[in-house]
Amino acid sequence: MDMDWDFDDEGVQKLTSPGEVITSATQFMRGHGTFVEDNDVVASLSGTIERVNKLVSVRALRTRYHGEVGDLVVGRITEVQAARWKVDVNGHQDALLRLSSVNLPGGVQRRKLESDELEMRKFFEEGDLLVAEVQPTHGDGALNLHTRSLKYGKLRNGQLVTVSPVLIRRRNSHFCSLPCGVDLILGMNGYIWIAKHVAENQKEGEEGFDAEAVYSNKNDDIDMETRAAISRVSNLIHVFARRSIPITDAILAEAYDWAVQQETSPSDLLRADVGDTMVAMVTALA
Amino acid sequence: MTDLPTLKLDLGELSRADGSARLASGSTIALASVTGPIDVRSGWEKPEEAFLEVNVRPLEGIAGTQARAIMQTLKSALTPSLLLGRAPRSLIQLTLQSLSPSSLLPNYAQPRISLSSKAAMMNAATAAFLDAGSVSMRGVVCACVVGMRDGVLVLDPTEKEETGTFGFMFQGSEPGELVWAEWAGEEADWEKVASEARTGAEIVRDFFRAQFERAAGLGDEDEDEEMVEHEL
C-alpha cells in the first residue's frame, strides 16, 4: 500500500478538498475531518492530512479555539461589564472573566466589595492582555476564565504573536523560559506571549501581594539585547507558523541558536530563503 | 468561449466569523461569512441535522423578495455539499453580502440582482465554508455564469448578455455534478452550454485550490511579498 498519499510526486504536502478520497477504509480508521463512504476514507474538510499509525485525520487550515477545562490561554480584554470582563481568546465567542475569578490586591482571601466593581478598570481595562486558565464553560458555550494564581494575570514587558491554535500542543507547562533570556507563554488558543525574562525570586510574591506590580500598566526597562531577542523569537514563530510547524520551546531554542550563529538580523529571518534554510536545519536536528 | 473574468479571493477577513471569504469575479464582488455549528433557537432545532440559515443582503436597501428567492436557491444548491447530519441540533449561519450594485433595467420594476452576482455569492459561500473548516463537507460547489455575446457563448458576460448560471459539486478530482441551473435558451444548446459551464466551474475550483494552498503556506508563489508585512 502506498503510504505517501498525502504528498504529491515532488514530496510537497498536498491540501485535501472535501469529497476527496484519501485512502481505503479497510486498512485505516477515520479520524476528525473525514468520513467513510463505500469503503473509502473521504476528506470532509480542506486541510492537511495527518496520520497516527492507522488513524487518518484531516486538520483544517484555520480553526477557532475550542476551549477545554484547564487550558492555559492568553487573551485580550474587549469589554468591561457588570462584575465581569469579556476576553477575546480566538474562540467563537468572547470568554468571560468574572470579578470573583481574579486575585485582588490585599491577599487571596480578600472579599470582593462593591467598591471593587466600581473600579474594575483599575485591574483590567479594554485592550489589556492577560494569561488565564479555562474553567467549566458557560451554558451557551462561552468560556469562563480565572486568574486565581500568581502565575496568571496581566501581561507586560513583551509582545504578542498569534498563530493557529492547532500549532500549540497541550503539555505539562505552558510557561517556558528560553536560554536567550526570554519568557514564553504558549496559550492553547494560539496566542503566544513573548516577554523579558523575570527571575524566579523577583516574581510578585504571595505574601506581600503587590497590587502595583501585578496590575501595573507600565513596562520595566528592557535593554536592547532583550528587545532584539524578543523580536527574533517572534519572527521565528512567524516563520514556523507559516510552514505549519508546531511551536515548542525546544524548537525555538534550537532555531534561536542557529539564527545567532548565522548572524542573521531579526528581520532577515522573514526572508523566504533564510526561513527555508532555518526550518530545514532545525527540523533535521529534531 | 472566452475566459472567466479575473478572480480574486480574500479569506478570513471578518475576525468574528468562523470563516469568511470575499470573492471578486471581474467587477462583481460578494462577501460571505459562515458561523457554526452554534446554538440553535428552539423553533429551528432539527433532531437529526443542523439547520442551515442563509441570509442574503443586497448592497442597497433591505432584502426583498429577490434576495429571499436567491437565499432559497443557494440553500438548496449548497445542501448536498454539506454533511449537516454531523452536527445535529445546531445552527449553521451563512450570511452573504453583495458588494456590487444591483442594476436598474427598464424591464424590471425592482433593482435586479444579476446572475453574475448570484454566482459570485455561491462561490464566496463555498470559499467561506472551506475557510471555516468547522462544517463537514461532502464536496465543493462552484458556480459559473454563462452568456451570449454576438451569438457566441461566453463565460464573462455583462449583465445584459448573461443567459444563465450553473453550479457544480466537485468531489475530489471527479467531474462535477450539476446541483444548480438557471438558464434560458434553446433546448438544443443545453448540452453545449452545460459543458462549457462545467469547464468554467472547474477553473473556479482550481483557483480555489491554488488560493487555499497559498493560504496554508503550501504553495510557493508570492511568499516573499507576504512575509514583508510582518517585518518590524
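This is a predicted model: local features need pLDDT of at least 70, side-chain atom pairs count only at pLDDT 80 or more; totals for chains, interfaces and linings use all residues.
Local features require pLDDT of at least 70 and side-chain atom pairs pLDDT 80 or more, while totals for chains, interfaces and linings use all residues. Residues are numbered from 1 along each chain, chains are lettered from A in the order in which they are written, and side-chain values use heavy atoms, without hydrogens and water.

Over all chains, 9 aromatic pairs were found (ring centres of Phe, Tyr or the six-membered ring of Trp within 6.5 Å; planes under 30 degrees apart are stacked, over 60 edge-to-face, the rest tilted). A:Tyr152 and A:Phe175 are stacked, because their centres lie 6.4 Å apart and their planes meet at 20 degrees. A:Tyr152 belongs to the loop between strand 11 (144-147) and strand 12 (153-154), and A:Phe175 to strand 14 (residues 175-178), so the contact joins parts of chain A that are 23 residues apart in sequence. A:Tyr152 is buried at 11% relative accessible area, whereas A:Phe175 is partly exposed at 28% (buried, under 20%; exposed, over 50%; partly exposed, in between; 1.4 Å probe, protein chains only).

In chain B, Phe166 and Trp190 form a tilted pair, with 5.6 Å between centres and 45 degrees between planes. B:Phe166 lies in strand 8 (residues 162-170) and B:Trp190 in helix 3 (residues 190-215), 24 residues apart (DSSP runs numbered from the N terminus; helices H or I, at least four residues; strands E, at least two). B:Phe166 is buried at 0% relative accessibility; B:Trp190 is partly exposed at 29%.

Ring pairs also connect A:Trp85, A:Phe123, A:Phe124 and A:Tyr215 in a cluster.
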